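Dear colleague,

Please find below the structure I promised to hand over, followed by my notes on it.

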Amino acid sequence: MFSRRGLGLVGLASSASGAGATQTTGKLVANRFQMATGTATISAPFTSRRSHWAHPDGDVTGIKCFESNRYLSTISTTAGGGSHTRKKYIEYPVDVFHQVKWSAATTIALTSSSRVTSDVVISSITGLPLVIAAGDKFWERTVVTVGASIACPVFITPAACDVLGLDDGNSASDLGNSGTVPVTTGLNTLGSQGMTGTVNVAGAKSYVCLGDSLCFGQGDITNVSALGGSGWLARALDVHGYPYMKWCIGGQQAVDQAGLATSINADLGFTGFTNFVLQSGINDLRLGRTKAQIETNYQTLYNMSNVVGKTIQQGTVGPRSTSTDSWATTANQTPQTDGNMADLTPLNTDIRAGLANVTSIIDYADVAMSARDSNIHKAPPAGTLDGTHLDSTRADLVASLVSI
């Protein structure tokens with residue numbers, strides 16, 4: 001019903017990963033996690049429900065939830081949300097609930113600076129660590145139980161959840177382990193920044209994606225991938241079903257990310273992963289920074305202590321263009337020349353040649369541009385409304401073409 005591999009028994013490993021199976025431990029186990037990029041005013045009781053898909057390569061167990069009360073308040077500043085108390089359940093399958101605990105307590109009090117990891121989630125059916133079958137869909141339900149008019153960090157989607165086709169929802173009531181949470185007509189939900197655990201297969205991949213508005217999914221406003229992802233990069237990872245956590249906000253430059261390295265690194269200390277993807281630079285160029293400055297910022301990020309030793313993948317930087325026919329053709333597009341956009345091709349040339357510390361590249365530019373280094377978008381048909389950000393159809397196309 002909700003799986004590409006068949007719905008396993010709740011709390012019991014399926015035959016795909018029996019006794020003696022090699023495991024990958026301590027890594028992200030599902031998709032659609034992200035850094036909060038704003039706050040919403042919330043008063044208890046309040047429930048959010050968010051969907052995720054488990055790693056497709058092996059059953060998932062030993063699940064721990066990473067709750068952060070921090071958010072990106074601007075492109076270059078993180079801040080703490082209002083103090084509040086929350087409880088949490090994993091819903092798997094539909095209407096079966098497994099309570100999350102912290103040092104055996106059923107609630108957790110979060111201060112403005114809190115970053116906390118839960119105990120291993122125990123199945124309410126078996127009394128053993130919860131097992132989610134490979135590729136299955138599940139939900140987290142997060143309930144604010146104490147707090148009045150708090151500024152709570154929230155996860156924001158590019159368009160309203162109902163418009164995108166997501167089943168994420170909110171309710172101004174306590175529906176942690178019962179009832180239907182209605183799909184929200186808004187952009188905001190709250191929940192875990194990540195979930196880590198064990199995948200019953202060797203070499204299971206999981207990704208942290210550091211990026212800007214293109215990673216966030218700006219412009220991708222009419223639908224989501226089959227697994228709920230927004231933005232070309234999340235959609236590309238969803239093609240494979242890989243778990244990921246996005247750390248991104250619109251307008252951010254590589255220099256902003258480098259300035260936030262301490263905060264980013266702290267979050268990554270709670271977020272086990274195998275692959276680190278960096279996708280930024282377009283805003284630096286737009287605002288006049290040079291490729292040498294950008295590449296220096298990249299190195300700061302590659303050398304974060306929680307990234308060193310991981311597979312590091314650098315994305316090439318895509319096009320910015322003007323158009324006289326709404327980007328319907330290539331003939332009527334002109335590459336942008338503001339700021340230091342002249343360094344776009346030299347920057348991509350350096351990335352393709354191989355920057356120090358980089359394991360491999362993800363050549364977004366090659367699949368987004370009409371031709372290598374044309375610096376304009378593919379067309380026809382039009383795939384952008386503003387010359388930078390991809391619409392949903394084009395984001396999905398790019399995701400199907402790019403090599404992850």
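I156 stands opposite N188 in β15. The model is a predicted one, in which local features need pLDDT of at least 70 and side-chain atom pairs count only at pLDDT 80 or more, while totals for chains, interfaces and linings use all residues. Residues are numbered from 1 along each chain as its sequence is written, and side-chain values use heavy atoms, with hydrogens and water left out.

Strand β13, residues 150-156, is joined to β15 by two bridges, and the two run antiparallel; two strands pair if DSSP finds at least two bridges between them. The open sheet to which they belong has three strands in the order β3-β13-β15, with antiparallel pairing. Because β3 (38-42) and β15 (188-189) stand at the edges with a single partner strand each, one side of each is left without a neighbour in the sheet.

The chain as a whole has ten helices and 23 strands, which are DSSP runs (H or I of at least four residues for helices, E of at least two for strands) numbered from the N terminus. Its radius of gyration, taken over C-alpha atoms, is 21 Å, close to the 22 Å that the globule rule (2.2 Å times the number of residues to the power 0.38) gives for 404 residues, so the chain is as compact as a globular protein of that length. Buried residues, meaning those under 20% relative accessible area with a 1.4 Å probe and protein chains only, make up 58% of the 404.

Best regards

Technical notes. Buried < 20%, exposed > 50% of the residue type's maximum accessible area, 1.4 Å probe, protein only.
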